[in-house]
Amino acid sequence: MSCGSTTRPGPSPRVRGRPTFSDTLPPPPAPLPRFDVDIPPPDLSPWLAGNCGIPGVMHYQAARPGPHVVLTALIHGNEYAGAIALDRLLRESVRPRRGRLSLVFANLAAFAHFDRASPVASRFVDEDMNRLWCPQILSSARRSHELDRARAILPVIDSADILMDLHSMLWPGTPLMLAGGAESGRRLSALVGDPPLIVSDHGHRAGPRLIDFVRFSDPHSPGAACLLEAGAHWAPATVEATDHAIRALLRHTGLLPPRDEAPAPPPQPMPRHMMVTDIVTAQTPGFRFVRPFRGGETIRRRGTLLAQDGPDEIRTPYPDCMLVMPNLRPGRGQTAVRLAMRIPAPESSAVRRQPDQR
Ligand SMILES: [Zn+2]
């Protein structure tokens with residue numbers, strides 16, 4: 001797979017249009033919200049050295065064979081809800097009943113710079129660590145903090161059978177699982193089933209994500225990966241959503257015993273599968289949504305005005321169009337929103353529930 005093959009949907013001229021007379025005035029810019037930091041960063045000092053020769057990687061192996069499940073947190077240094085969930089597993093001394101379990105704290109240097117007075121600033125040190133996952137970039141001579149770190153954890157990634165990458169969101173939105181472009185990612189997301197909103201896509205133009213790595217995107221590779229967007233970056237509910245998804249994954253892959261507490265948890269709704277069809281990129285610094293849309297919001301009517309971008313209007317290209325993680329303040333050239341339509345669920349699960357969970 002080439003580095004650029006994950007970026008099929010381009011900027012979407014078909015949702016652009018010249019303004020009509022009734023919509024000529026762009027809305028005034030909304031004031032930037034204050035992002036509340038309601039959870040403190042975790043103390044990861046017990047895990048910084050790691051236990052397998054790679055700093056920040058904790059690895060456990062069961063006597064019984066089984067899949068290698070990898071959970072990655074802090075690919076973005078300021079998204080530490082996933083790190084809190086991994087820290088909780090480690091403090092509970094959770095061990096796999098079968099197979100192998102690796103818990104990875106990815107961008108510890110960026111995390112170390114977290115400052116609650118400027119919580120958005122510590123996403124990375126030199127570059128976005130979730131835009132460099134292809135063999136050509138990783139084997140190049142180029143250096144950056146994030147590239148060096150990606151190369152350090154590569155042996156773990158390259159041996160993963162199942163990977164869940166733990167993230168959170170800056171702008172308000174419904175939690176979702178990003179399945180990437182591979183069928184295996186969709187099936188893995190459906191197997192976890194929590195959150196029950198699964199979005200398939202073909203990545204970002206700026207570079208391949210960890211879930212786009214050849215290990216997980218090549219149909220002939222044994223790996224499967226998904227990316228959890230569990231909720232707002234610094235909200236307690238995001239930690240709990242991450243914890244639920246992790247435990248569901250570990251139960252369904254047989255690394256943890258099945259849930260046995262009573263009463264049974266309320267049944268999850270059937271997962272809704274969506275496919276990203278359009279990437280809307282801000283072409284001007286004046287890009288403005290007509291209102292503060294929420295991620296996961298579905299716009300019923302085709303042709304509904306979403307945003308004004310200089311002289312262009314951005315409208316929904318089809319009915320029941322879902323907005324994926326709108327960036328309410330995009331800079332010029334940045335993704336402002338992605339649009340998704342509903343697709344059928346995959347017919348079967350390639351990552352099957354393990355038969356001997358008890
Ligand atoms: Zn992220």
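1. A word on the basis first. This is a predicted model, in which local features need pLDDT of at least 70, side-chain atom pairs count only at pLDDT 80 or more, and totals for chains, interfaces and linings use all residues. Residues are numbered from 1 along each chain as its sequence is written.

2. The protein chain has 7 helices and 15 strands; helices (H or I, at least four residues) and strands (E, at least two) are DSSP runs, numbered from the N terminus. Of its 358 residues, 46% are buried. A residue is buried if 20 or more other C-beta atoms lie within 10 Å of its own, exposed if 12 or fewer, and partly exposed in between, with C-beta atoms placed from the backbone. Among contacts between residues at least 6 apart in sequence, 74% join residues at least 24 apart; a contact here needs two C-beta atoms, placed from the backbone, within 7 Å.

3. The largest nonpolar core has 93 residues, and Leu71, Ala73, Val104, Met177, Val199 and Cys226 touch the most other members. Such a core is a set of buried Ala, Val, Leu, Ile, Met, Phe, Trp, Tyr and Cys residues joined through C-beta atoms within 7 Å. Strand β8 (residues 224–232) gives the largest share of this core, 7 residues. The core lies between domain 1 (13–31 + 276–342) and domain 2 (45–252), because both give residues to it; the domain bounds come from an automatic or database domain assignment.

4. Leu71 lies in strand β3 and counts as buried because it has 25 C-beta neighbours inside 10 Å. Leaving aside neighbours within four places in sequence, Leu71 is in contact with Leu86, Leu103, Val104, Met164, Leu166 and Ile246. The C-alpha atoms of Leu71 and Ile162 are 8.6 Å apart, although the two residues are 91 apart in sequence.

5. Helix α1 (residues 81–91) has Ala81, Gly82, Ala83, Ile84, Ala85, Leu86 and Asp87 buried. These buried residues pack against β3 (68–73), β4 (100–105), β5 (162–169), β8 and α7. Just after α1, Ser93 takes a positive phi of about 55°.

6. How do α1 and α7 pack? Their angle is about 55° and their axes are 8 Å apart. Axes are lines fitted to C-alpha atoms, for helices over the stretch in contact, and angles run from 0 to 180 degrees between N-to-C directions. That makes α1 oblique to α7, since angles under 35 degrees count as roughly parallel, over 145 as roughly antiparallel, 65 to 115 as roughly perpendicular and the rest as oblique. On the α1 side, the contact is made by Ala81, Gly82, Ile84, Ala85 and Arg88, and on the α7 side by Thr238, Val239, Thr242, Asp243 and Ile246.

7. Helix α5 (residues 183–192) is mostly covered, with 9 of its 10 residues buried; Arg186 and Arg187 are among them. Just after α5, Gly193 takes a positive phi of about 70°.

8. Finally, Pro258 sits in the loop between α7 (236–252) and β9 (272–281). Pro258 is exposed, because 11 other C-beta atoms lie within 10 Å. Its C-alpha atom is separated by 8.8 Å from that of Ala248, 10 residues apart along the chain.
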